[in-house]
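Here is a walk through one protein structure, taken step by step. Keep the sequence at hand and follow each residue as it comes up.

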Amino acid sequence: MQQADVLAKKEFKDDSVNKVTYIKTEQLAQDTYYFKAGQVLDWHRHPNGDQIFFVSEGEGTYSLDDGKEESIILKPGVTVLAPKGIWHKVTAKTNLIVSQATSQPAGMEKR
């Protein structure tokens with residue numbers, strides 16, 4: 001059995017958002033991002049797979065751009081979807097812990 005406790009060991013980095021992969025199979029990956037206040041996971045998209053974000057701790061903003069930019073406030077308990085092929089980014093207002101589940105292989109393109 002694979003399991004992860006994303007709050008047990010908070011792995012923040014000073015110089016960049018820290019991405020930790022806890023579980024990965026051929027069809028699905030679960031990663032957790034540890035943001036310090038002000039850090040950004042900049043615009044990117046996944047051409048081959050959807051991604052769902054789950055907020056565990058902190059506050060921030062989730063932005064989508066599919067021709068019209070929209071933003072959602074992130075806080076504990078909020079879940080958002082990054083549809084396949086749609087540009088998205090995450091900005092931390094406070095220290096922020098966000099986990100994601102991503103279908104594999106999703107691919108990744110930066111803006």
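Gln-100 touches Lys-19, Ala-29, Gln-30, Asp-31, Tyr-33, Gln-51, Ile-52 and Phe-53, leaving aside residues up to four places away in sequence. Gln-100 sits in strand β9. The model is a predicted one. Is Gln-100 buried or exposed? Gln-100 is buried, because its relative accessible area is 3%, and buried means under 20%. The side chain of Gln-100 makes a polar contact with the side chain of Gln-51, at 2.7 Å.

Gln-51 leads on to another residue. His-44 touches Gln-51, along with Ile-86, Trp-87, His-88, Met-108, Glu-109 and Lys-110, again not counting residues up to four places away in sequence. His-44 belongs to strand β3, which covers residues 40-45. His-44 is buried, with a relative accessible area of 2%. Where does the side chain of His-44 reach? The side chain of His-44 comes to the backbone oxygen of Asp-42, at 2.9 Å.

Now turn to the nonpolar side chains. In soluble globular proteins, nonpolar side chains tend to be buried together. The largest nonpolar core here has 15 residues. Which of them touch the most other members? They are Phe-35, Phe-53, Tyr-62, Leu-74, Val-90 and Leu-96. Strands β2 (28-35), β4, β7 (79-82), β8 (87-92) and β9 (96-103) are the elements that give two or more residues to this core.

Take Leu-96 as a way in. Its contacts include Phe-35, Leu-74 and Val-90. Leu-96 also touches Phe-12, Tyr-33, Tyr-34 and Val-55. Further contacts of Leu-96 are Glu-57, Gly-58, Glu-59, Gly-60 and Thr-91. This list leaves out residues up to four places away in sequence.

Thr-91 is worth a stop of its own. Thr-91 lies in strand β8. Thr-91 is partly exposed, at 24% relative accessibility. Not counting residues up to four places away in sequence, Thr-91 touches Gln-39, Val-40, Gly-60, Thr-61 and Leu-96. How far apart in space are Thr-91 and Glu-59? Their C-alpha atoms are 8.8 Å apart, while 32 residues separate Thr-91 and Glu-59 in sequence.

Some nonpolar residues are on the surface. Ile-52, Phe-54 and Leu-81 form a nonpolar patch there. Together they have about 240 Å² of accessible area. Phe-54 is in strand β4, residues 51-57. Phe-54 is partly exposed, with a relative accessible area of 36%.

Charged residues come next. Side chains of opposite charge can pair when their charged atoms come close. How many salt bridges does a search of the whole structure find? The search finds five. Three of them follow.

In one, the side chains of Glu-57 and Lys-10 meet at 2.9 Å, N to O. Glu-57 lies in strand β4 and Lys-10 in the segment before β1 (18-24), so the pair ties together parts that are 47 residues apart in sequence. Glu-57 is partly exposed at 25% relative accessible area. Lys-10 also counts as partly exposed, at 42%.

Another salt bridge joins Arg-45 to Glu-109, with the closest N and O atoms 2.7 Å apart. Arg-45 is in strand β3 and Glu-109 in strand β10 (residues 109-110), so this pair links parts 64 residues apart in sequence. Arg-45 is partly exposed, at 25% relative accessible area. Glu-109 is partly exposed, at 30%.

A further salt bridge pairs the side chains of Asp-65 and Arg-111, at 2.9 Å from N to O. Asp-65 lies in strand β5 (residues 60-65) and Arg-111 in the segment after β10, so the pair connects parts that are 46 residues apart in sequence. Asp-65 counts as buried, at 15% relative accessibility.

The last stop is a loop. Lys-84 is placed in the loop between β7 and β8. Which residues does Lys-84 touch, not counting residues up to four places away in sequence? Lys-84 touches His-46, Pro-47, Asn-48, Gly-49 and Asp-50. Lys-84 and Asp-50 are 34 residues apart in sequence, yet 4.5 Å apart in space, C-alpha to C-alpha.

Note on methods. Residues numbered from 1 in each chain as written. Predicted model: local features only at pLDDT ≥ 70, side-chain atom pairs only at ≥ 80, totals over all residues. Heavy atoms only, no water. Helix = DSSP H or I, 4+ residues; strand = E, 2+ residues; numbered from the N terminus. Buried < 20%, exposed > 50% of the residue type's maximum accessible area, 1.4 Å probe, protein only. Polar contact = N/O pair within 3.5 Å; in protein donor to acceptor, adjacent residues only side chain to side chain. Contact = heavy atoms within 4.5 Å. Patch = residues over 30% accessible without salt bridge, like charges linked within 9 Å, V, L, I, M, F, W, Y side chains within 5 Å. Areas by Shrake-Rupley, 256 points an atom, 1.4 Å probe, with all protein chains shown as cover. Salt bridge = Lys/Arg side-chain N within 4 Å of Asp/Glu carboxyl O. Core = buried A, V, L, I, M, F, W, Y, C linked by side-chain atoms within 4.5 Å.
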